Amino acid sequence: MSEPDVIKPEMMRSYIWLQTADGSIQQVEQEVAIFCPLICHEIHAGMGSSKTYPISLPARVNPVTLSLILDYCRFHQVPGRSNKERKSFDEKFIRMDTNRLCELTSAADSLQLKPLVDLTSRALARMIEGKTPEEIRETFHIPDDLTEEEKLEPLKNITDDPRIRLLNRLYARKRKELKEKEKLKNVEVEAEHVDDRSVDELLSFINGENGVKTVKNKKKNRRRKDQQKNAPESNGISSVGHDDRVKGHCLPNINELLKLQDSEDDRFGLEDEFDDCDIGDGIDPEIKEQIDREVEDFARRLNSDWPERVQELLSLGQERRPSLYTVNGNGCSARRSSSTGVEKHEK
Amino acid sequence: MAESHAEVLQQVWSRETMPKVMKIISTRLKLPQRDLISLLLVSSSLHRTLVSSPSLWLVLDFHEMVNAGDRLLAALALTRYHHVKQINLEFAQDVEDKHLDILRNQFSGSLQNLEHLNLNGCQKVSDMGIEAITATSPSLKIFSIYWNVRVTDVGISYLVKSCKHIVDLNLSGCKGISDKSLQMIAENYQHLESLDITRCIKITDGGLQHIMVKCSGLKSLNLYALSSFTDGAYKKLSLLGHLRFLDLCGAQNLSDEGLFSIAKCKSIRTLNLTWCVRVTDAGVIAIAQGCTSLEYLSLFGIVGVTDKCLEALSEFCSNTITTLDVNGCIGIKKRSREDLLQLFPYLRCFKVHS
């Protein structure tokens, strides 16, 4: 039960009387109680002003959850608080055992206290996220009483997630690439170009940025018969460099660039991706998070290298065998934006 | 044998409290499909409670899944999906014309409310598949089928015949589409709000002009990597008074004249002029003066613009610009991060083209 603050004689606080389903009655400061829409309605209907006419709360609200709800209301009804303060309070507030969190959700819902319902719902959703039905049962202490028919759910999750396969393949490829880079600094630019794009594409794909232009630009085919197509396109790139050197500046030939991207678009590569890697038996959420972070970091690093690669590509005419790590070897100042790294604009 | 108090409590918990709570959570938040299905398989009471909440079953998401075609059919056979509004098959595997055919023959009742269909990357689907799915989805508003080279003008003709309410159409990468399709789209979808024809290289000025004349409500137009248009078409962009998003990346024929017309689209927020190599200060200054709500601008690779255009942009749009890409703009001398922040105090993103 809440202790009333010192009452200033010049400013009488009013109190509201609330009754829970077990019969117990308590007294609450009015400004705290009216934060709950349901209680607010009851007050306007004339209820709760005395101990003999308390507001009867819905059955789902027991004394314990009521106390929690009132703590929440007491904090948030104060107008002067900053968003940061409120967020900090919320984060600490929801730290309670699962059962209590569920009861709190139910109680707050019956009192129509939407912000609290959202807060607890999000916390519970995080607990459910990625769990199997069995794990959910364990977390929330629910017995398995499904009928055979109910178990035949056609949308059941199977661990055939192609993302996981792509991820594995991505890591394998990147490891290989790094090894090769160590050996050959002067590798053929075309091959390097092609490799990077495929990895970049995979990354964007995995990160779900399917709508973003970088993916469309860099789709790549793996089919062997189209290997020959690569040769003329890569010649196209070298000839770009050559022409530019002749012209004395390094404007890209847009058609060549777009055509290169174009022809690669024609090829459908995804099927070939899923051949040769092991699928894990579902991924542990913590490892998954770690992988997500690594992939994100990885994407950032790759993408920040890309403009330099373009410049290197275009400056092919300057040197026969360019070292790929020469910066601005051709005098074209493509200024790289610092520290903002990858900030993709999303439509 | 009488049930103990504990058992009763447990029953109340699992049969009443938990279903109620899970229903609250899933109706208030957009739980991912995967979690929703997991909840269905937790207990019988949970199953019953969730299945009887129709708002939970309006979306079918099979993106990137294998056997998506078969799974879609299995799902639509369930009553809870009979009012599905959105189907996502983006990069799903094993979606073929035959699945769409079966949808039309057996499940047409379930698709009457379908508003949003995503077939992005479903490369096995052809004009015949489109015929089948559009025939059963009269309410379709959003249709997306990017990176499909089998779709031709014939497929679009089926779309316009059966689906009269399209407002958002994504045909990015559908290289089989020609001017004919744009003409059909223009004639049938005068309330079109968003059109993406990225890389539809068969399209010429003529096709595009149909759109600009008829679809005056267009808010978003994506012409990425279409380099054969000329000012003849670009000048008509001034007809699209509601345009907010315009992507002209690679528009190598776009001149300042074209930009003078585009500057008349006062509501433009996003403008991508990456590789529009004929553009000079004059054009960008016109944009600055006309599109004063500009938030996102890329001048990537344009060597003909100088500091003058940045000054103009700063004069007219400094309050709104948050993204500005001037990488490769060697004509602009002062374009370090600090220089740009001086001109555009709200600038957050300095690179969009990579």
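Guide: We can start with one ion pair. A:E134 and A:R137 form a salt bridge, with the closest N and O atoms 2.5 Å apart. A salt bridge here is a side-chain nitrogen of Lys or Arg within 4 Å of a carboxyl oxygen of Asp or Glu.

Visitor: What should I know about the model and its numbering?

Guide: This is a predicted model, where local features need pLDDT of at least 70, side-chain atom pairs count only at pLDDT 80 or more, and totals for chains, interfaces and linings use all residues. Residues are numbered from 1 along each chain as its sequence is written, chains are lettered from A and ligands numbered from 1 in the order in which they are written, and side-chain values use heavy atoms, leaving out hydrogens and water.

Visitor: Which helix holds A:E134 and A:R137, and how are they spaced?

Guide: The two residues are three apart, so about one helical turn separates them. Helices are DSSP runs (H or I, at least four residues), strands likewise (E, at least two), numbered from the N terminus. The helix is α7 (residues 133–140) of chain A.

Visitor: Is A:R137 buried or exposed?

Guide: Buried means under 20% relative accessible area, exposed over 50%, partly exposed in between (1.4 Å probe, protein chains only). A:E134 is partly exposed at 41%. A:R137 has a relative accessible area of 10%, so it is buried.

Visitor: How many salt bridges does a search of the whole structure find?

Guide: The search covers all chains. The count is 13.

Visitor: Which residue does A:R74 meet in a salt bridge at 3.2 Å?

Guide: The N to O distance of 3.2 Å joins A:R74 to A:E29. This pair links distant parts of the chain, 45 residues apart: A:R74 lies in helix α3 of chain A, A:E29 in strand β2 (residues 25–29) of chain A. A:R74 is partly exposed at 25%.

Visitor: Where is B:R269, the salt-bridge partner of B:E295?

Guide: The side chains of B:E295 and B:R269 meet at 3.6 Å, N to O. The pair links distant parts of the chain, 26 residues apart, with B:E295 in the loop between α12 (281–290) and β10 (296–298) of chain B. B:R269 is in the loop between α11 (256–262) and β9 (270–272) of chain B.

Visitor: Which residues do salt bridges that share partners join into one network?

Guide: Shared partners make the link. The network is A:E29, A:D71 and A:R74.

Visitor: Which side chain has a polar contact with that of A:H76?

Guide: A:H76 is in helix α3 (residues 63–76) of chain A, and is buried at 9%. A polar contact is a pair of N or O atoms within 3.5 Å; within protein, one must be able to donate a hydrogen and the other to accept it, and residues adjacent in sequence count only if both atoms are side-chain atoms. At 2.8 Å, the partner is A:D90.

Visitor: How many disulfides does the structure hold over all chains?

Guide: The count takes in all chains. The total is zero.

Terms used: Disulfide = S-S within 2.5 Å.
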